[in-house]
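Trainee: I would like to learn how to read a structure feature by feature. Where do we begin?

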Amino acid sequence: MKRRAMISVSDKTGIIDFARGLVELGFELISTGGTFKALDEANVSVKYVSEVTGFPEVLDGRVKTLHPLIHGGILAMDCEEHREQMERNGINFIDLVVVNLYPFRETIAKPGVSFEEAIENIDVGGPTMVRAAAKNHGRVVVLVNPESYGEVLSVLREAGTVSAGMRKRLAAEAFAHTAEYDRLIAGYLERQVESTSSFPTTLRLTAQKVQELRYGENPQQKAAFYINAEAEEGTLANGKQLQGKELSYNNWADMDAAWKIAREFESCAATIIKHSNPCGVAMGTTPLDAYEIAFAADPISAFGGIIAFNRVVDGPCADAIKECFYEVIIAPEFSPEAREILSAKANLRLFVVGRGDASKTNHGWMMKSVDGGYLVQEVDRGTTPVSEWDVVTDLKPTEEDLSALDFAWRVVKHVKSNAIVVTNQKQTLGVGAGQMNRVGSVNIALEQAGDNVKGAYLASDAFFPFPDSIEAAAKAGIRAIIQPGGSLKDAAVIEAANRLNIIMVFTHRRHFQH
């Protein structure tokens, strides 16, 4: 019995070679529109769908395959009752369906795309054939991904048929394909009618599993890493591991924290992360300079940490890095010399993120699971520019002070609350993270800064509820403090700063991180 394949693809990657392979195996090919033209021009034997249906394409191509002779051939089961009905109605079995859909994602991503153009790129016939074939995967092979062409051809050549298990796997992939397509369309239409709402009525997410991880946060927990289907270039998820051991759950969490800090700065910067908090952040004239200053901030905690750079890691920087044990190094790129030097540390993971525009990649939502649900919020993008700060004390900052406070403010944004950071012009000196009261974080940061605290700068992610933190900072020798303000006790806090000769700046923007 002659086998038939229905082929209608928007993405024509590999389709010519695949179609030729099917013809060599004795398949009769049926196709439509652009796919038929591509196959015909490549001298692949193929029938136009109208030859099978006896009905022309109509309504500007909106109706091509929606016909009983096509869908009957796909949906028919291999049983006596269906065979009798097919023979009576002149329907032939279709054994293989190869379809991928109109590029709706690419269409709506184009600048200035009209609503009419977006709607015209909603595929109807394609999803219908895919769903029909996937439903009937007991008999029909359905393909939506060009990456599967070679595997299917190989199996057909060796075994003559595709196993039930493989058909089931391809059917699941097909339903996932149409589900993601419908998610994009529904989301686009909802944004047209709910344009004033920040969040959709129904939250639809699609993510592809990249890898199963050895375990989760702890060995008793299973874990996996998924990539958001809409993640852009320059995001961590779209990065590439160049060498080293497989990444763990905790690696990914710390890498995310490190990369967010590194790209916070336009100047050359490096950060070293432990347990999602920075133990050293610095700016420098070169990656080596930035790294050495960041390392000096807390050499003990740096051991076993994760480093992120916002510049290409070069040979001199790599030479310095290899002298200490680290889990992961992240950068936009590594020079050939750096890769050669660091290749000697086989377990060290090198991870390239690329040079995506942070203003475009640092967007979207953040999600956190709670018992039985999800919390969703916007990403905390950017921060208050220096021009919008308010100096609230009698003592006024110099340009040098403002630059140092800006550095401290950009770091404290990424420290777990209650967060306090003590810095000089370009280096963290002490970090107080995650304490249950703010003065506790202040004391930790001041103690860590040690003798370097004299004339240093202190940043707080949220307001000071009492003057006690200001008094502790003044006693240690802090020169200036930056904080959001907004406490009922602001007047008392400002009075304390004036009395103790400390500069204080309000940003009017909080940066809690839990």
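Mentor: Begin with burial. A residue is called buried when its relative accessible area is under 20%, and exposed when that area is over 50%. By this rule Phe104 and Tyr188 are both buried. Keep in mind that this is a predicted model.

Trainee: How are the rings of Phe104 and Tyr188 placed relative to each other?

Mentor: Planes over 60 degrees apart count as edge-to-face. The planes of Phe104 and Tyr188 stand at 85 degrees, with ring centres 5.7 Å apart, so this pair is edge-to-face. Phe104 belongs to helix α6 (residues 104–109) and Tyr188 to helix α10 (residues 164–193), so the pair ties together parts 84 residues apart in sequence. Ring pairs also link Phe104 and Tyr188 with Phe115 and Tyr181 in a cluster. In total the structure holds 12 aromatic pairs.

Trainee: What kind of pair do Tyr291 and Phe295 make?

Mentor: A tilted one, because their planes are at 35 degrees; the ring centres are 6.0 Å apart. Both residues sit in helix α12 (residues 287–297), four residues apart, which means a separation of about one helical turn. Tyr291 counts as buried at 4% relative accessibility, whereas Phe295 is partly exposed at 25%.

Trainee: Next, the sheet. In what order do its strands lie?

Mentor: The general idea is that strands of a sheet pair through backbone hydrogen bonds, either parallel or antiparallel. Here five strands form an open sheet in the order β3-β2-β1-β4-β5, and the pairing is parallel. β3 (47–48) and β5 (141–143) are the edge strands, each pairing on one side only. Strand β1 (residues 3–9) is joined to strand β2 (residues 27–31) by five bridges, and Ile7 stands opposite Ser31 in β2.

Trainee: Which strands does helix α8 touch?

Mentor: Helix α8 (residues 125–135) packs on the sheet and touches β1, β4 (96–100) and β5. The direction of α8 makes about 140 degrees with that of β4.

Trainee: Which residues of helix α1 are buried?

Mentor: In α1 (residues 15–24) they are Ile15, Phe18, Ala19, Gly21 and Leu22. These residues cover an arc of only 160 degrees around the axis, so they lie on the same side of α1. They pack against β1, β2, α2 (33–41), β4, β5 and α9 (149–159). The face turned away from that buried side carries the exposed residues Asp17 and Glu24. After α1 comes Gly26, which has a positive phi near 95 degrees.

Trainee: How many salt bridges does the structure hold?

Mentor: Side chains of opposite charge can pair when their charged atoms come close. The structure holds 22 salt bridges. One of them joins Lys209 and Glu212, at 2.9 Å from N to O. Lys209 is partly exposed, with a relative accessible area of 40%, and Glu212 is exposed at 53%.

Trainee: Are Arg438 and Asp461 buried or exposed?

Mentor: Both are buried. Their side chains form a salt bridge of 2.7 Å, N to O. This pair links distant parts of the chain, 23 residues apart: Arg438 is in helix α18 (residues 438–449), and Asp461 is in the loop between β19 (457–460) and α19 (468–476).

Methods:
Residues numbered from 1 in each chain as written. Predicted model: local features only at pLDDT ≥ 70, side-chain atom pairs only at ≥ 80, totals over all residues. Heavy atoms only, no water. Pairing = 2+ DSSP bridges. Helix = DSSP H or I, 4+ residues; strand = E, 2+ residues; numbered from the N terminus. Contact = heavy atoms within 4.5 Å. Axes fitted to C-alpha atoms, helices over the stretch in contact; angles between N-to-C directions. Salt bridge = Lys/Arg side-chain N within 4 Å of Asp/Glu carboxyl O. Buried < 20%, exposed > 50% of the residue type's maximum accessible area, 1.4 Å probe, protein only. Arc of directions from axis to C-beta. Phe/Tyr/Trp six-rings, centres within 6.5 Å; stacked < 30°, edge-to-face > 60°.
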